[in-house]
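Colleague: Could you walk me through this one before I set anything up? I will jump between topics as they come to me.

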Amino acid sequence: MNDKIIGKLKILADAAKYDVSCSSSGGKRKNENKGLGNAEGMGICHSYTEDGRCVSLLKILLTNFCIYDCAYCVTRKSNDVQRAAFTVQEVVDLTINFYRRNYIEGLFLSSGIFKDADYTMERLVRVARKLRQEEKFNGYIHLKTIPGASEELIKEAGLYADRLSVNIELPSEQSLQSLAPEKNYAEILMPMDSIKNQLVQAKEEVKLFKAAPKFAPAGQSTQLIVGATSESDRQILQLSDQLYKGYSLKRVYYSGYVPVSTDSRLSIITEPPIIRENRIYQADWLMRFYGFDVKEILDEANPNLDLDIDPKLGWALRNRHFFPLEINTADYEMILRVPGIGVKSAKKIVSARRFAPLHFDHLRQMGVVLKRAKYFITCQTKSLQRQDFDSEQLRRRILFGEGSVRSALLTQQLDLFRKVG
Amino acid sequence: MFHYTYDGSFEGLLTVVFEAYERKAWPTTIEPEHLAQPSMFGETVQVTTDEEKANRVWQGLKKRLSASALESLYYTYLWEQSGFERLIFDYARLVFDSPESVEGNYTAPFILQVQQIHKQVHREKHRMEAFVRFQKTADGLYYASIAPDFNVLPLIVRHFEKRYADQRWAIYDSSRRYGAYYDLQHTAFVQLENPALSPKQQGRLQTDQFDENETRYQMLWQVYFDHVNIPERKNPKLHLRHIPKRYWKYLSEKQPRLL
Ligand code: SF4
């Protein structure tokens, strides 16, 4: 047994795990060369960690040696941790052998910066090139771009990778200045912009001739750390909104800060803000799939998301004039805005009502959860509630009344507080 | 009262639909031959599978249904839970007797049920695609054994063919006692029953059949699994919701630590 590899894997998986993205979806790479692997369509979670996150990719750092000293990062230069580095071949072997056994969808490779940005980026690219060209590997590859790497290297990375990411990490320039003084927004946003342009260009070329080389077909993503610095949810979501619109990002990931550092530059927290992170993800979903504008979710008067209720319910309680909604006639877009009704239920409702006017029993049979929705809808003008409630009463009824259980997440967080206090 | 029996195949079941229409004799029960109890009341109709007739029924359904609804019917067959024949029959009959499309009419209870079964079977298919763990044998075969809740092996074959085009692999369903074997060209369904083994051992690989590196990669995978975890975020409830205990038997990361 090669103990060296085990030791490296421990260190370099540990160091990579705070990057929460593990998505392997959106790939378009087909297995056309009778080679190994296929990255079409939806990604698969092959396992789940004990904290309930999807394990889909082999997510490791090439090395955790780093010349920088970002305060929030375990890998920072001044942190006293064990250091290790994989060789290019070692990463290739691990990826291929895990993939062949159906453990993973592919590789997510990132790295601390050793020597300089290009030197590091060049090695990441070499791993990807070897997998594609020598191993005929068609599985998923996600490469993190190293801040400050040259445009040519990023361009080459995009030829082999399905997804590229540029992590912003800190949601404002000020935080970046104080916590990661070697970095700045302009430098981070530049590769993002160049990737966006490459993506657009590759799409244009494919229109002209089909065999044009693909460039990162699953697009680009980034990650923002939540809770290490003092930005409000509104600032964070506004930034995401700009990133989705301005840089056509596929995903923004949010990572509730896990206190890995006692660096004095950081705000002091003892627990990762799991509920807050969860609410931000919900708000992000509302923006991407439910047609909500960021201004509808948060504004100056409400700069932070309500931790007790999900942002859709929050919106509905502030906008009672849209409700109750008649399920048999309302637009699909409005049904989507009813608290407790998701995309699947909304589609079923719209499909079924073509055949017969719907009663509440129909909704129940279809699996539409009415616990919250019932306060906001009518079926053939009938309502399930006898009296009107104002928003504050509704909020309380939904949270505590009628034997409603609290969300598992909330209970978990409360338990944690209890342990601490 | 008419009691239909058939040979248990999907084609057989479609032939039942054909015969019922032919005779205008609607079934009271539909059962596989080997399970059918002789009944004191009514007439028993023994249906012999006829590909031609089955195909005519299938084509008829195809004209009136979308690909996804057809898939739902096939999935209902693979669901194998009691009453599935009845559901397929009732669904087909409603399709043939309605002048308009019945798809998406979730106000009809069995249309809704077939749709829910589709979802259940699909979820199991997806789980098997995720949780299959191949073990490499000394002669280079990648082997896995499964025991899915529903008969999803026929559904997952294509996924693995596409993904592992350059390696020989086999997946064995130990509860239904058959497997799929891919030889780099085609996939064939095979029985590899070894009567000397108990049902529990059936289809399980012994460590002395392993490739020399197999144990090492299982160990590395366990190491990886333990180190991507963030203990500060531990959430056992969520963990169990994603991988219910009954699936742990497949997962090398859920076995005793090799290191
Ligand atoms: S450059 Fe990256 S790896 Fe290095 S300290 Fe900063 S965040 Fe960590």
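Predicted model: local features only at pLDDT ≥ 70, side-chain atom pairs only at ≥ 80, totals over all residues.

Colleague: Start with chain B, then. How many helices and strands does chain B have?

Modeller: Chain B has 8 helices and 8 strands, and its C-alpha trace spans about 65 × 45 × 40 Å along the principal axes. Of its 259 residues, 49% count as buried.

Colleague: And what share of the contacts in chain B comes from residues 24 or more positions apart?

Modeller: Taking the contacts in chain B with a separation of 6 or more, residues 24 or more positions apart account for 68% of them.

Colleague: At what angle do α1 and α2 of chain B pack?

Modeller: Helix α1 (residues 10–23) of chain B packs on helix α2 (residues 51–64) of chain B at an angle of about 80°, and their axes are 8 Å apart. The two helices α1(B) and α2(B) are therefore roughly perpendicular to each other.

Colleague: Which residues meet there?

Modeller: From α1(B) the residues are B:F10, B:E11, B:L14, B:T15, B:V17, B:F18 and B:E19, and they meet B:K53, B:A54, B:R56, B:V57, B:W58 and B:L61 of α2(B). By class, the contact of α1(B) with α2(B) divides into 8 nonpolar, 1 polar and 4 charged residues.

Colleague: What about α3 and α5 of chain B, how far apart are their axes?

Modeller: The axes of helix α3 (residues 67–79) and helix α5 (residues 109–131) of chain B are 8 Å apart, and the packing angle is about 70°. That makes α3(B) roughly perpendicular to α5(B). On the α3(B) side the contact is made by B:S68, B:E71, B:S72, B:Y75, B:T76 and B:W79, which meet residues of α5(B) including B:I117, B:H118, B:V121 and B:K125. The contact of α3(B) with α5(B) has 5 nonpolar, 7 polar and 2 charged residues.

Colleague: Switching to chain A. What span should helix α3 of chain A have, given its 18 residues?

Modeller: At 1.5 Å a residue, the 18 residues of α3(A), residues 117–134, should span 26 Å, and the end C-alpha atoms are 25 Å apart, which agrees.

Colleague: Which residues of α3(A) are buried?

Modeller: The buried residues of α3(A) are A:A117, A:T120, A:M121, A:L124, A:V125, A:V127, A:A128, A:L131 and A:R132. They cover an arc of only 145° around the axis, which puts them on the same side of α3(A). The face turned away from that buried side carries the exposed residues A:Q133 and A:E134.

Colleague: Why would residues three or four places apart point the same way?

Modeller: An α-helix has 3.6 residues a turn, so residues with that spacing point the same way.

Colleague: Now α7 of chain A. What do its buried residues pack against?

Modeller: The buried residues of α7(A) pack against α6 (185–208), β9 (220–226), β10 (251–256), α8 (274–289) and α9 (294–297) of chain A. Among those buried residues are A:I236, A:L237, A:L239, A:L243 and A:Y244. The helix itself, residues 233–246, has 14 residues and reaches 19 Å from its first C-alpha to its last, close to the 20 Å expected at 1.5 Å a residue. Just after α7(A), A:S248 takes a positive phi of about 35°.

Colleague: Last one: what is A:S345 in contact with?

Modeller: Leaving aside its neighbours within four places in sequence, A:S345 is in contact with A:G367 and A:V368. A:S345 is found in helix α12 (residues 343–352) of chain A and is buried, with a relative accessible area of 16%.

Definitions and conventions: Residues numbered from 1 in each chain as written. Chains lettered and ligands numbered in written order. Heavy atoms only, no water. Axes fitted to C-alpha atoms, helices over the stretch in contact; angles between N-to-C directions. Helix = DSSP H or I, 4+ residues; strand = E, 2+ residues; numbered from the N terminus. Parallel < 35°, antiparallel > 145°, perpendicular 65-115°, else oblique. Contact = heavy atoms within 4.5 Å. Nonpolar A, V, L, I, M, F, W, Y, C, P; charged D, E, K, R; others polar. Expected span 1.5 Å × (residues − 1). Buried < 20%, exposed > 50% of the residue type's maximum accessible area, 1.4 Å probe, protein only. Arc of directions from axis to C-beta.
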